[in-house]
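I opened my notebook to look up the pockets. I wanted their volumes, their linings and the elements that supply them.

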Amino acid sequence: MSLSKKSRPYFNHSVEFKKNFTKEERGEALSKAGLNVFFFPSEMITGCDLLSDSGTTTMTNEQWAAMHLGDESYGSNRGYFLLLEQIKETFGGEFLSFIFHQGRPAEDALFTLIGRLGKELVIPSNGHFDTTEANIEANNIRALNLFSPELKNENSHSCFKGDMDVKKLNDLLEKSKDKIPLIYLTITNNTGGGQPVSLKNIKEVSDIAHERNIPFFLDACRFAENAWFIKKYEEGQEDKEIKEIVKEIFSCADGFTISFKKDGLVNMGGGVFIKQDGLFVKKYPQMPDALMNYQITKEGHPTYGGLSGRDIMALSFGLRTVLKEEYLDYRINQVQEFGGAMKEGGLPIVTPVGGHAVYLDINKFFEGSKMKPGDFGGVALTALLLSEYGHRACELGYFAFGSYNKETGEEIFPEVNYVRFAVPRLRYEKQDLDSVAGAVVELYKNRDKIPGVNVVYGKDLPLRHFKAKFEFKFLL
Ligand code: F0G
């Protein structure tokens with residue numbers, strides 16, 4: 001056994017003990033939740049909660065102290081000015097800031113206003129996140145995913161499988177240039193296996209957009225992790241500081257939406273940020289004021305925008321910590337080692353492993369077994385992992401991204417079929433994640449015995465994975 005010579009770059013400041021629950025108790029609670037892991041009481045999770053890396057960060061003692069300095073004034077609280085300074089420091093450039101309480105209300109504001117610009121609009125992306133897609137489509141805009149061909153190529157060793165397919169983007173622009181209000185890149189590409197996007201692709205997409213007078217936006221939730229990958233794996237970038245790479249990324253964009261619940265290292269927060277002298281403002285000069293009106297009517301005064309003063313303080317400090325190289329090194333190595341343990345156990349995971357999660361390829365997991373696509377093996381697997389072993393993961397595949405056609409009675413399956421193990425920041429240790437890998441390996445060995453599920457409620461609903469109820473096809 002080789003022992004690591006490197007200790008963590010932090011130590012525990014405060015801990016919470018778990019409660020004890022038996023397999024039977026978990027099984028009963030999960031049945032009550034209709035096998036939908038979102039409805040399973042988190043207090044009963046005896047293993048690791050890898051449902052999401054969003055808002056699940058363990059904050060630093062600096063952040064907790066900053067919260068105490070939170071100023072709850074209605075207008076222009078102390079933290080607001082710190083945050084504005086920090087946004088400038090982190091992202092560079094002059095961005096107009098519109099704070100929202102998380103990522104999706106920021107998307108809602110942006111796409112509601114963009115939806116009013118015309119008909120039959122299309123927003124292409126390297127991979128829209130589910131709520132982003134829902135917010136775009138709620139405004140009668142088509143959300144189009146132009147995944148990189150490398151993503152599905154098992155033999156590819158590309159480190160940037162999150163890139164946008166530029167060829168497909170050019171084809172789309174040939175046909176429908178006037179229907180595209182902006183081009184969007186998600187860094188890292190959560191829907192596309194959590195894979196990073198190269199600086200080369202970011203620059204290329206930005207140039208293509210600008211050549212055609214189309215604004216370029218980022219969905220920047222995991223910007224720091226993406227920058228880490230650029231430094232480590234992209235040719236010619238290794239000597240740059242991560243801070244510099246972040247600024248270079250954002251110098252390409254006319255604006256960005258962000259959920260600070262990821263790389264903001266906070267439990268709540270989000271926003272839309274628009275470059276003052278960027279193409280978005282030039283092309284749609286009415287937008288900043290319209291966004292502010294939207295913010296005031298839906299969230300609150302622009303100087304707090306749906307967040308309490310203490311949340312804003314914690315965020316200002318979180319944005320500083322996230323760019324510490326020793327933090328990012330440890331964070332992403334931890335996720336990669338977790339993926340390595342799964343791979344060693346023979347599990348078919350998406351490789352290379354991305355920055356925030358390990359994605360298990362469900363089609364390969366059940367290859368050779370009797371599991372059919374409409375049995376939703378990913379849902380069954382997450383249910384069994386939770387009841388049998390006490391670990392919570394998230395199906396992001398045929399059920400979450402698929403849909404049911406009421407007229408034909410057929411399921412429409414998406415391109416990707418994953419179960420995601422998202423690793424919360426600064427929360428777990430190696431022993432915790434090893435125990436998850438061990439449990440999934442055991443389930444893999446017994447995959448022939450895993451039953452499919454019937455959807456007993458919600459198969460025809462939008463965003464169905466958050467609401468649906470299931471039952472196993474036969475009793476174990
Ligand atoms: N964009 C991306 C790429 C995301 O991953 C998320 C959230 C959002 C936007 C929306 O942000 O949750 O603050 O409203 N992702 C979480 C996840 C929920 O589990 O991946 P939000």
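**Entry 1: source of the lining.** I am working from a predicted model. I began with the helices around the largest pocket. Helix H2 (61-68) and helix H13 (325-344) each supply at least two residues of its lining. H2 gives the most, with 3 residues. I then checked the domains. Domain 1 (3-53 + 324-472) and domain 2 (61-321) each contribute at least three residues to the lining of the largest pocket.

**Entry 2: volume and centre.** I looked up the volume of the largest pocket and found about 1,500 Å³. I counted 41 lining residues. Which of them lie nearest the centre of the largest pocket? I noted Ser14, Val15, Thr58, Leu426 and Arg427.

**Entry 3: residue classes.** I sorted the lining of the largest pocket by class. It has 15 polar residues, 13 nonpolar and 13 charged.

**Entry 4: second largest pocket.** I moved on to the second largest pocket, which holds about 790 Å³ of space. Its lining is made of 23 residues. Nearest its centre I listed Ser4, Lys6, Tyr330, Glu337 and Lys430.

**Entry 5: helices again.** Which helix gives the largest share of the lining of the second largest pocket? I found that H13 does, with 10 residues. Both H13 and helix H16 (430-445) supply at least two residues there.

Entry 6: I got 9 charged, 7 nonpolar and 7 polar residues.

Terms used
Residues numbered from 1 in each chain as written. Predicted model: local features only at pLDDT ≥ 70, side-chain atom pairs only at ≥ 80, totals over all residues. Heavy atoms only, no water. 1 Å grid on protein atoms, 1.4 Å probe; cavity = no way out; pocket = protein on both sides within 12 Å on 5 of 7 lines; lining within 4 Å. Points joined across faces, edges and corners; volume = space filled by probe spheres on them. Helix = DSSP H or I, 4+ residues; strand = E, 2+ residues; numbered from the N terminus. Nonpolar A, V, L, I, M, F, W, Y, C, P; charged D, E, K, R; others polar. Domains from an automatic or database assignment.
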